[in-house]
Amino acid sequence: MSAPYILVLYYSRHGATAEMARQIARGVEQAGLEARLRTVPAVSSECEATAPAIPAEGAPYVSLDDLKHCAGLALGSPTRFGNMAAPLKYFLDGTSSLWLTGELVGKPAGVFTSTSSLHGGQESTLLSMMLPLLHHGMLLCGLPYSEGALLDTRGGGTPYGPSHHAGADSKRALDEHEITLCRALGLRLAKTAQQLETPRG
Ligand SMILES: Cc1cc2nc3c(=O)[nH]c(=O)nc-3n(C[C@H](O)[C@H](O)[C@H](O)COP(=O)(O)O)c2cc1C
């Protein structure tokens, strides 16, 4: 059995959600747990296009075993038309075997997103990303208002989870409040997992 870890699973096309994932991982590690960073391959509008099994750069692709054995999950996606990106949904749609056996029941989970526009669907994306996790029986962790950055932010940051405003050109870096809230989610997930001592196979 491997040491307990929080799976930080994300899709990112231009790097903003990936940077959020790295900040969440730092929060996880602050609690003394391993953060396992994983991504998903892009999906193709062409039938059955295949990508190399190992991405050219960045985090490795996730496996069902990464998800099955995690002590907790942080799930991140860019906002696409107010919802999560198709590659992440495609991966989640392939997790029925874990749903059938209840592998994720009782494990803590949180969600994060990045958008171009400030009011372009961060909250709808975060809330809709929670739905499959609830079907899996996971325990959702948002961000409490005891995190002062939730009140001070002029960019992203919601009680439903960390968010980032990337700007029209998608080049705006994470600001200090957005970073603080990413790390807070990682820390909260890790501490909750430690308190729950969720069983791992
Ligand atoms: C197909 C598509 C749909 C998008 N929909 C939205 C949207 O609804 N609201 C928004 O603010 N940004 C939207 N965006 C912009 C991305 O959410 C934004 O660029 C994000 O920061 C990208 O994250 P990444 O750098 O991790 O890929 C969309 C981008 C694409 C390609």
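**Exercise 1. Find the polar contact of H164.**
Start with the pair itself: a polar contact of 3.0 Å joins the side chains of H164 and S114. A polar contact is a pair of N or O atoms within 3.5 Å; within protein, one must be able to donate a hydrogen and the other to accept it, and residues adjacent in sequence count only if both atoms are side-chain atoms.

The model is a predicted one: local features need pLDDT of at least 70, side-chain atom pairs count only at pLDDT 80 or more, and totals for chains, interfaces and linings use all residues. Numbering starts from 1 along each chain as its sequence is written, and side-chain values use heavy atoms, with hydrogens and water left out.

Step 1. Helices (H or I, at least four residues) and strands (E, at least two) are DSSP runs, numbered from the N terminus.

Step 2. Is H164 buried or exposed? H164 has 1% relative accessibility and counts as buried. Buried means under 20% relative accessible area, exposed over 50%, and partly exposed in between (1.4 Å probe, protein chains only).

Step 3. Follow S114 to the ligand. An N or O atom in the S114 side chain is 2.8 Å from an oxygen atom of the ligand.

**Exercise 2. Describe the surroundings of the ligand.**
Step 1. How many residues surround the ligand? The shell has 18 residues, and the closest are S12, T17, T79, S117 and G120. A residue is near a molecule or strand if one of its heavy atoms lies within 4 Å of it.

Step 2. Sort the shell by class. It holds four nonpolar, twelve polar and two charged residues. Here Ala, Val, Leu, Ile, Met, Phe, Trp, Tyr, Cys and Pro count as nonpolar, Asp, Glu, Lys and Arg as charged, and the others, Gly among them, as polar.

Step 3. Name elements that contribute. α1 and β4 (108–115) each supply at least two residues of the shell.

Step 4. A polar side-chain atom of T17 lies 2.6 Å from an oxygen atom of the ligand. A backbone N or O atom of F81 lies 2.8 Å from a nitrogen atom of the ligand.

Step 5. Work out the cover. Taken alone, the ligand exposes 650 Å², and the protein buries 80% of that. Accessible areas come from the Shrake-Rupley method with a 1.4 Å probe; for residues, only the protein chains shown count as cover.

**Exercise 3. Account for the salt bridges.**
Step 1. Apply the rule: a side-chain nitrogen of Lys or Arg within 4 Å of a carboxyl oxygen of Asp or Glu. The count comes to seven salt bridges.

Step 2. Take R22 and E19. Their side chains meet at 3.0 Å, N to O. Both are in helix α1 (residues 16–30), and because they are three residues apart there, about one helical turn separates them. R22 is partly exposed at 41%, and E19 is partly exposed at 28%.

Step 3. Take R36 and E34. The closest N and O atoms of this salt bridge are 3.6 Å apart. R36 is buried at 17%, while E34 is partly exposed at 37%.

Step 4. Take R172 and D175. This salt bridge spans 2.6 Å, N to O. R172 is partly exposed at 28%, and D175 is buried at 18%.

Step 5. Look for shared partners. Salt bridges that share partners join E34, R36, R38 and D66 into one network.
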